[in-house]
Amino acid sequence: MARPVHAVDGSAPLRASNAAPGRAPRLARLFRIGSAMGGRSAVGAAIVVWCGLLAGARLALPLALGATLIVPPLALIAWRGPDRVGTLALLVTLALGAAARGAAAHAALERARVGIPEAGVVARIEGRVVEPPLREAAEPIAVVSIGRSSPPLAPAARIRLTLPDGDRSEWGDRIFALARLWAPSAPRNPGGFDARAAADADGLAASGRAFDATSEIARGLHAWPRATVARFRRAIEGRLKAHLSPAARELVLPLVVGDRSALSPDRNASLKAAGLIHLLALSGLHVAWLAALVRGLCASLGGGPAARGLAGGLCALLYVGLAGPLPSLARAAGSEIANACARLCDRALDPIQALALSVLALLVLAPAWAGDLGFQLSCAATVGLVTIGPWLSARCGRFRRALQPFVPTVSAQITSMPLLLWRFHAFSWVGAFANLAAVPVCGLLLSAAWLAAVAEMALPGTAGPWFGACETLSALLTAITDRAARAPEALVATGPDAAVPLLSGAGAALLALALPGPRDVASAQRPASRARVAAAGLGALSAALALGLAVTRPTLGPPPGRWWCVVLDVGQGDAIAIGCGGRWWLVDVGPRSPHHDAGQSVVLPFMRWAAVRRIEALALTHDDGDHTGGAHAVLSGADVRGIWASPSLPGVPGPGPRFGATGVARFDTLALRPRIVALWPPRATEPAAATIHADNAAGLVLEVGEGTGRALLAADVDSTVEDSLTAAPGVALLKVAHHGSGSSSGACFLARIRPHVAALSCGAHNPFGHPEAGALRRLTASGAQLFRTDREGALWFEFSVDGVRRIDWRRDAFPAPAPQTGGADPDAACWMHHAVDTPRQ
């Protein structure tokens with residue numbers, strides 16, 4: 001029997017083909033469904049199972065189950081029929097079975113959400129912690145499987161629960177809690193985070209916050225593995241927290257145990273802009289680093305190939321136990337375990353086949369992971385590394401030394417780009433260069449952190465040099481990240497077009513199918529077929545064309561003669577985007593907390609979704625954190641041409657001095673298309689300025705548009721300021737002042753301006769009680785149609801000379817990209833004429 005033979009270049013194992021002519025054995029024939037990739041049998045099965053699970057999650061359960069009635073005859077055809085017919089029948093059987101499995105899992109998740117509204121419900125629950133809790137944030141976060149509850153909820157439903165500070169519940173413990181639970185919502189903003197899709201991928205029925213919680217430690221023989229791993233994890237975390245600075249710990253803990261709950265918004269934004277966020281998502285890179293370290297230690301102790309493979313596999317398994325069942329980490333661990341089994345059996349292992357087998361096994365165990373973005377990106381990047389990477393390396397030629405370092409990043413970027421364009425609407429052009437420097441540093445940092453933690457636990461006081469190395473390496477990684485993130489337009493907005501990710505995906509798929517080498521000796525000696533050459537050329541052309549279309553996509557804009565006003569849902573705060581003729585302005589940028597930045601999580605994703613690469617001006621109405629909190633993120637993540645703010649008044653400096661803004665006072669005309677005019681506050685030299693003693697009263701009030709198509713953006717002013725505004729009657733849209741506070745939206749003011757529509761920006765369950773019942777009654781009595789971000793998400797309005805209409809951004813088709821205005825900026829002279837304070841530095 002022929003033994004496995006390795007290719008001369010070591011790129012992939014080859015096998016001699018000695019099969020007898022005629023019909024192939026049935027089992028071999030049934031699984032020969034990856035012939036397009038060199039006879040890798042599990043590849044086709046993994047693809048159809050993955051697609052079947054995704055399709056099943058979107059089908060009605062009766063339809064998916066009914067389709068499985070044809071599975072038995074298809075299975076019989078697959079077993080008894082001719083090769084090609086049998087292969088097709090097997091593929092269809094796997095797809096239908098996966099669709100039924102996905103539909104059943106999704107239906108069970110929806111049943112578990114019955115009785116849990118998005119507005120929330122208070123429940124007393126009893127359950128079990130099923131994953132290692134995240135403790136790096138101020139409040140622990142745990143995934144709990146419900147046992148009993150009042151009111152009754154679905155048994156075994158999984159919820160993500162934020163526990164009270166100081167709670168010590170561990171993996172496997174029984175927990176008793178009084179909590180508010182809420183179902184995940186659909187996207188709240190265009191281009192924003194899809195909480196429902198993320199919860200579906202994690203198999204979570206709801207999220208919640210516990211007001212009070214107690215736990216009962218798990219005991220018994222069945223509990224000792226989880227308890228042992230949990231203690232080991234807490235010991236590692238404790239050593240790292242005790243000996244590392246907060247800045248170093250922010251990077252080291254995600255690398256070691258996958259806990260990113262304390263990652264600051266600024267660091268998260270820098271990593272994304274630099275194309276380095278994947279370094280903190282536990283995946284194949286981390287497993288490979290750690291397994292290589294363990295295999296090296298094993299080799300230094302005299303271990304042979306089998307022992308080194310076993311050590312690497314056990315290391316990967318322990319890593320999953322420490323960090324929890326993270327999809328991308330589990331995928332990487334599965335591949336490492338397959339590699340260990342191959343070494344133990346002294347068999348050659350094809351990396352593509354190993355990837356497909358690990359994906360198949362994991363999707364059978366956790367079908368919801370088919371929709372997990374981390375799992376998708378991990379698999380996509382690995383496909384690029386093992387298919388496109390070897391081909392690129394072999395063709396570097398005499399420039400191999402200079403080009404080889406870029407090969408892993410480029411090959412992974414090609415296959416992961418469709419997902420990045422589809423989900424993030426942005427492309428990081430600096431990623432290839434940043435990864436060249438950051439990946440080796442990150443590998444050294446991970447190794448140093450593990451060696452430091454283990455040395456400190458084994459011999460306390462001896463790990464000082466390793467902790468010092470962690471400080472140095474984390475500072476170097478931070479410097480690389482910050483330098484890359486500050487590059488001009490490091491993250492290029494690519495817009496909402498679905499066709500571009502599809503084109504990119506088609507190109508990546510063609511390259512992944514055409515470039516891998518064959519696995520048998522006879523095929524390796526033949527030149528590539530014309531079909532493969534054509535597929536590779538077409539794939540490269542498609543990928544390049546998709547990238548070109550993405551980075552040159554014109555900015556989204558309204559039809560000629562119209563303009564848009566988008567009240568973004570930033571929770572308890574304000575952020576408003578104004579678009580006209582392919583140009584965009586921002587009025588306020590939402591709040592910021594230690595772990596949430598509305599500028600980073602809401603405003604910038606919206607701008608990238610709309611392909612906005614330049615913001616004409618950012619207006620900061622007043623110096624309250626719920627309006628200016630996201631300013632630093634927006635200013636560092638977007639090209640902002642100017643900043644407007646209310647002028648500094650005696651005792652009320654406003655946000656202008658902090659941000660180098662140009663002061664704006666009433667009657668200043670700031671733009672012509674659309675017309676933007678300031679109605680408040682007065683200049684510091686006017687008598688009315690002496691009556692202003694608070695930030696809210698000094699807020700910048702803007703009127704946008706003309707005639708019956710006007711919007712009044714009232715910031716946080718109260719009713720005394722409202723009565724001083726010179727807005728003409730018949731306002732199309734009123735952005736309600738101060739989030740619906742009882743001190744604003746006075747009856748006389750509303751009767752005078754007669755708004756047709758009122759938009760209210762406030763956070764659900766906010767501690768201020770906004771909107772106040774009296775303010776809502778006055779708005780309703782004025783005849784205005786009321787819309788609220790806490791109930792409906794982002795509010796999108798289109799204005800014209802005829803008035804205003806609301807756009808349902810989740811369903812309505814948007815017009816073609818707006819034509820860019822050429823020549824001189826029509827607003828430049830207007831702006832220069834009315835600028836009165838110190839210009840931006």
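In which handedness of crossing does α10 pass α11? The crossing of α10 past α11 is right-handed, meaning that the near helix is turned clockwise from the far one by less than a right angle. The model is predicted, with local features requiring pLDDT of at least 70 and side-chain atom pairs pLDDT 80 or more, while totals for chains, interfaces and linings use all residues. Residues are numbered from 1 along each chain as its sequence is written, and side-chain values use heavy atoms, without hydrogens and water.

**Helix pair**

- Helix α10 spans residues 284-300 and helix α11 residues 305-323; helices are DSSP runs of H or I with at least four residues, and strands are E runs of at least two, numbered from the N terminus.
- The two helices pack at an angle of about 140°, their axes lying 8 Å apart; axes are lines fitted to C-alpha atoms, for helices over the stretch in contact, and angles run from 0 to 180 degrees between N-to-C directions.
- α10 and α11 are therefore oblique to each other, a class left after roughly parallel (under 35 degrees), roughly antiparallel (over 145) and roughly perpendicular (65 to 115).
- Contact (heavy atoms within 4.5 Å) involves residues including Leu290 and Val294 of α10, and Ala311 and Cys315 of α11.

**Sheet**

- Seven strands form an open sheet of mixed pairing in the order β18-β19-β20-β21-β22-β23-β24; strands pair if DSSP finds at least two bridges between them.
- β18 (669-672) and β24 (785-788) are the edge strands, each with a single partner, so one side of each has no neighbour in the sheet.
- Neighbouring strands are turned by 20° against each other on average, direction ignored.
- β21 (residues 709-713) and β22 (residues 733-735) run parallel and are joined by three bridges; Ala711 has Leu733 of β22 as its bridge partner.
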